[in-house]
Amino acid sequence: MDDLLSEFLTETNESLAVLDLELVRLEQNPNDPALLGNIFRLVHTIKGTCGFLGLPRLEAVAHASENVLGKFRDGEQKVTAQAVSLILASLDQIKSLLAQLEANESEPAGDDSDLIARLNALAAGDAGPAAAAAVVAQPETPAPAPKMEAKAAPAQPVLATPIIEPEPEPAPIEAAPVEAKEAKPKDAKEPRSEAAETKESAVAAQSIRVNVDLLENLMTMVSELVLTRNQLMQILRGQKDSEFGAPLQRLSHVTTELQEGVMKTRMQPIGNAWAKLPRIVRDLSHELRKKIDLQMHGAETELDRQVLEMIKDPLTHMVRNSADHGIEMPAERAGQGKPETGTITLNAFHEGGHIIIEIADDGKGLDIDRIKQKAVATGLASESDLAAMSEQQIQQFIFKAGFSTAAKVTSVSGRGVGMDVVRTNIEKIGGTVEMKSHRGKGSTFVIKIPLTLAIVSALIVECAGERFAIPQISVVELVRAAANSENNIEWLNNAPVLRLRDRLLPLVSLQELLKLGKRADQPSETFIVVTQVGTYTFGIIVDRVFDTEEIVVKPVAPILRDIGMFSGNTILGDGSVIMILDPNGIAAGTGEITVSESAKRAADTAAAKGGTGGDLTSLLLFRAGAGAPKAVPLALVARLEEIDRAQVEHSHDKPVVQYRGKLMPLVTIDADYQMRNEGRQPILVFADKDHTMGLVVDEIVDIVEDQLKIEVAVDRPGLIGSAIVAGKATDLIDAGFYLTRAYNDWFGAQADGEFEGEKGKRVLLVDDSPFFRNLLTPLLSVAGYEVTTVESADRALGLCEAGEDFDVIISDIEMPGMDGYQFASTVKNASRWQNTPLVALSSHATPKDLDRGRAAGFSDYVAKFDRDALLHTLAEALSAERGAA
Amino acid sequence: MSRDISEARGKSAAADDHSEFVSITVAGQLFGIPVLQVQDVLGPQRITRIPLAPPEIAGSLNLRGRIVTAIDLRTRLRLPPLPEGQAGMSIVVDYGGELYSVIVDQVGEVLSLGAGTVERNPATLDPIWREVSGGIHRLDKTLLIVLDVARVLDFSARVEAA
């Protein structure tokens, strides 16, 4: 049988069982909106799924029931015993159809118009007792009542009476509740097995659904078992030639396997929840006559089973909403210069102790005006409230119950079931859902779920006698550092750094960060865990490194949540509790910003407010020549060296030094600068491809993290401007300028030759930061490009309209006003430049960003400061264009 | 011990105006924790230190697969630590669905105390002690302070102030 169909049968049978109970409860509490909401939703889901699977008969019955329930919910109809009976009858009809569907794998032929007519009549408001009586006479549902009663009885036996009234066969019902009380599962099944068409679904019986509490319990028992096993093994080690040796060894293996098995039962890839989405979207696009492409990334991301179950329905709802409300008709899209095929993108990944699921569409976005109208109409807010709200706040109304902006109610969605339920379900498991929507550009929903029970691979390290786990996913490599080895920790003022393959790696001492107290003996060697958070790479200094272990992440107690350094804790195989370090938190603790969505958004907002906000940059402070201290972004510096003055030679009257088997030109900060006559001279080494250049300085002062904000622009060559760094006025030097000098003076001819193919190509650089514009312009010029710079996307589009043409466009992502993604999609969709290759430039270059960038129309994505990659990418983008042309 | 507790629970239903307390001793002072809040009583445990946590938090421990946060009642009450070599006991309480293990010197028997012996906190009581005290019971030979578990666990405000 089709997987989709068998899953549908299992799920629908479960929903129906719940519905039976809920409906009876509803009769008792007709005014409980939550109960009514739940019932409505369940029927809605059944109807929806039937529709997608192409089961018109089932869909019609469910649709009619849903209409009646809708009337209940909106208060237009009273919940009466007759009405509930009628709905129960329709559910029985659905069950009987399902049973036949299961047997034949196709919907039986037949006609339910009688039942539907009665449901419609009820919805219209003229249901009489005759209608209720007729229910029982339904030929296809003999004696539906006894079954219902048997199921409902254990919970509330008293409830039975109101429903029994219109029932012509009271005898079996009287007996059922009593029996059911005694032995519920058995008795509940018996009446069903007698009624052939409603017997227990065989498919549902094939897989066993186990209560998660039971699994949790099993997990606890296994942990206990592991502890006992470990104790036994400990005892065994103390005894030689014990006859228990072999059996204990086996016990140990079995225990490990059992532990793994139980852990596995809880985990499922998120792809399981997505499996039926392609089909749903396909059918939807047919039904709605839209062209929709569904893209799914990260299907292998593992989720706790319980969490997965909880987000399954919300996800389906959201994808359905995107397809129904988000994506426009092909003609409409074509009119707006978008491709006819709309795209819905699902993306799941782990990030900083959370699982993030993004659902994005490139449709029309939310209609703010309609949300406003609707909010006023439903009394959620007044006109004056709305006037004071930001667009973002207004968009949040879609999460309110009963809120639907769809102009017409389609059979797909638009009944106001959805976003409120989505949010409730996600919040129930401690998650959040956020939404961004741009009119005409589409909407993005970001679901963030804590990684409460997910299993991660972690590296166990020790520092000051305490053990910690570091999620393996953030660990790039391990470096052993010892005083006499190649890798030696060096100090810049009080900041430890490590030279790692021509890079300077900032280090963080775990012992200091966590205030662990000094170790009595000074360790002869330490280990450095090279860790990456976003694009920021740093090293964590620890005393020892153990193995990697698969750990089950458990959240820390609420009392400890304020400590940002831990993402959770866990119990190791030996039974000890261990804290899990949060690399994001450590990065934040060292001053480096996190790359989470919220931080980015905050930065965006700050930038939008006045352009004063910005990312923190690691700056290397040094003194050279007269005047203020100087600074240069640390990332541009390849190495810090000290040379012996005596080694400096002269070639063509320019100072050079032999460095790593090559001649390295030395550049001074300005023409008047005098090098020391003897002793040692510190230099900053800048490297570009094979060429290196040394900038001669007096003294290296410090490495600081600061916002790079140019206060005063300076005309002097070699300086970008002055900024306040670490509380002092500091000159920011233009590394590009010195590179140019070195190239022009020493490698000019070679450089020209190397980049001849690209000579004269026009590059447009869009970046709001004067620093980067100044940094990149000389770099690109040296490489033979003709560079034009603008400070905003709007300006760039202005050039486009003015008729300018470029061979390649480089754009920043985070910019005030129109950001890089919007810029890219605007350029790609509706401008003369749509065939011009676009390269994104950003300080955030995670795979996620990459995907997002590609989706927006960028041909490639380059991290800021990575000059080699930029030049390489430009050359590639241009050659790709040539290839295409 | 667990049998004591369950017996006491059985009895508490019968006695209306009596409440059951697990008695504990810290630095010679008798305290009582309402028996219904007590999940478990443990001997000395291996505790993992939690860096950067408030000083009252001794660490976390593994209680049959659940991670339990341990609070040192001596530190909480601003008392000197137990002399070297003496191990305390732990009493595990449930608060807001989370388990916490309160480290005390000694855990005693379950006492059934009538409402008639309750006194309010004397005004002269140390503010930190008054904060965690839910009232005083006059016993024959000594006084028993009823520990308000929620207040014992809530030291966030004071941590911020400090």
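Which residue forms a salt bridge with Arg49(B)? Here are some friendly notes, with that one taken up in point 2.

1. A word on the basis: this is a predicted model, in which local features need pLDDT of at least 70 and side-chain atom pairs count only at pLDDT 80 or more, while totals for chains, interfaces and linings use all residues. Residues are numbered from 1 along each chain as its sequence is written, chains are lettered from A in the order in which they are written, and side-chain values use heavy atoms, without hydrogens and water.

2. The partner of Arg49(B) is Glu466(A), with the closest N and O atoms 2.8 Å apart. The rule (a side-chain nitrogen of Lys or Arg within 4 Å of a carboxyl oxygen of Asp or Glu) finds 1 salt bridge across the interface of chain B and chain A.

3. On the chain B side, 21 residues are in contact (heavy atoms within 4.5 Å) with 27 residues of chain A. About 2,000 Å² is buried between the two chains, and carbon and sulfur atoms give 64% of that area; buried area is the accessible area (1.4 Å probe) lost by two parts on being put together, summed over both.

4. Turning to chain A, Ser223(A) is found in helix 12 (residues 212-237), helices being DSSP runs of H or I with at least four residues, numbered from the N terminus. Ser223(A) counts as partly exposed because its relative accessibility is 22%, the class between buried (under 20%) and exposed (over 50%), with a 1.4 Å probe and protein chains only. Ser223(A) and Ile571(A) lie 348 residues apart in sequence, yet 8.6 Å apart in space, C-alpha to C-alpha.

Key
Helices (H or I, at least four residues) and strands (E, at least two) are DSSP runs, numbered from the N terminus.
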